[in-house]
Amino acid sequence: MAYGYISSLLLWTTLSAVLLTGAAQFIAVQSQNLMTDSVSVVEGETAIISCRVKNNDDSVIQLLNPNRQTIYFRDMRPLKDARFQLVNFSENELRVALNNVSLSDEGRYVCQLYTDPPQEAYADVTVLVPPGNPIIEGQEEPVTEGNETEMTCTAASSKPAAKIRWMKGDQELTGTSQVEPTFDNMYTVSSRLRVTVTREDDGVAVRCVVEHPAVKDFQAQRILEVQYKPEVKISVEYPKGLTREGENLELTCRTRGKPQPQQVNWVKVDDDVPSHAVITGSDLLIENLNKSYNGTYRCVAANLIGESYDDYILYVYESVPSSDPALHDSRAGEGVPRSVDHAVIGGVVAVVMFAILCALIVLGRYFARHKGTYFTHEAKGADDAADADTAIINAEGGVSNSDEKKEYYI
């Protein structure tokens with residue numbers, strides 16, 4: 001038993017020493033932190049790889065390539081590749097520049113610090129390959145309004161794969177993208193866009209915008225060319241107000257289309273245009289109007305896409321009989337129908353009747369306030385009569401010496 005006890009004690013002592021030694025080494029390694037950063041670089045440009053040490057105790061720093069070949073040992077370069085250049089060397093940093101980076105330089109680089117045990121930190125170098133100029137392919141002929149046009153944008157040979165967006169003016173459109181890897185570990189991206197066009201799209205740019213970390217503002221565009229049937233609008237040049245008998249009528253037909261309408265026709269719906277009307281291109285002139293010219297006048301324009309029209313309804317009012325020329329001038333819209341005169345007369349009559357009614361009310365109230373007693377002298381003899389018969393005789397005027405009858409208002 002004594003032998004077993006002694007063996008256990010020796011084993012425990014040995015393990016404790018090993019653990020203490022490992023802990024001391026771990027503490028020493030941790031006190032010398034080795035750090036580096038991953039790098040993304042565009043093909044053909046320069047990548048900077050930095051190995052940094054915190055609290056270095058004169059341990060050796062070296063940089064290895066992805067094949068674990070030593071690029072720099074301290075400030076010496078064993079690797080015979082002149083593209084690697086020393087940027088800075090100190091006890092705390094080894095910084096190296098790799099010029100004219102190619103796709104073959106991509107990989108994991110190792111920063112190594114000679115401690116016991118050695119420390120390593122890893123810098124992943126990613127090489128970005130920008131895509132070629134985007135190309136838009138598709139229908140180049142003009143598109144008729146309401147139809148669909150299709151175009152495809154391609155961004156070839158990039159790393160990583162590019163992203164394609166579509167813009168029509170300020171509006172973003174949705175396309176269908178497809179990514180194809182190439183034999184050299186790069187990618188070709190294509191996006192197909194289908195859009196239904198309107199006449200407002202004519203002359204609008206559709207842009208293919210390529211997004212990639214190696215490039216900015218990379219895009220191509222195509223201008224939409226949309227054909228559409230004419231737009232027709234009739235405007236009245238004269239008169240500016242009502243159309244009256246004896247006056248002239250001037251109409252202009254304004255058109256817009258693609259292609260531009262080459263011919264404009266004037267017709268009268270369900271009748272013939274007056275024989276003396278003058279049609280000059282898109283203008284219509286009718287002189288000395290009368291009510292027989294009433295009706296709908298139509299301007300018709302056509303191009304290769306279709307036909308359109310606009311209508312003007314003519315109603316000729318009676319002329320205003322007056323010596324004042326201003327009443328005959330309808331250009332300012334001053335003429336009004338005769339119904340307005342009847343309305344004015346009716347208003348005046350209503351005012352007069354209202355005034356008469358008010359006067360009667362005032363007089364009635366005046367007489368009501370000044371009402372008195374009505375006396376006559378016809379029965380004056382009754383006051384002096386001795387009896388009723390005498391009073392009646394006196395009241396009937398039988399008294400010869402009575403005065404002439406008079407009436408008084410008191």
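**Entry 1: the pairing.** I numbered the bonded cysteines of the protein in sequence order and got the pairing 1-2, 3-4, 5-6. I am working from a predicted model here. My search of the whole structure turned up 3 disulfides, so I took them one by one, counting a pair when the sulfur atoms lie within 2.5 Å.

**Entry 2: Cys51 and Cys111.** I found these two joined in a disulfide, with 1.8 Å between the sulfur atoms. They link distant parts of the chain: Cys51 sits in strand β3 (residues 47-54) and Cys111 in strand β8 (residues 107-113), 60 residues apart. I read -70 degrees about the S-S bond, a left-handed link. Cys51 and Cys111 are both buried.

**Entry 3: Cys153 and Cys208.** I looked up this disulfide next and noted 1.8 Å from S to S. Cys153 belongs to strand β12 (residues 148-158) and Cys208 to strand β17 (residues 205-212), so I logged a link between distant parts of the chain, 55 residues apart. The S-S torsion is about -65 degrees, which makes the disulfide left-handed. I have Cys153 and Cys208 down as buried.

**Entry 4: Cys253 and Cys299.** Here too I found a disulfide, S to S 1.8 Å. Cys253 is in strand β20 (residues 249-258) and Cys299 in strand β24 (residues 295-302), so the pair ties together parts 46 residues apart in sequence. I noted a torsion of about -85 degrees about the S-S bond, so this disulfide is left-handed. Cys253 is buried, as is Cys299.

Terms used:
Residues numbered from 1 in each chain as written. Predicted model: local features only at pLDDT ≥ 70, side-chain atom pairs only at ≥ 80, totals over all residues. Heavy atoms only, no water. Helix = DSSP H or I, 4+ residues; strand = E, 2+ residues; numbered from the N terminus. Buried < 20%, exposed > 50% of the residue type's maximum accessible area, 1.4 Å probe, protein only.
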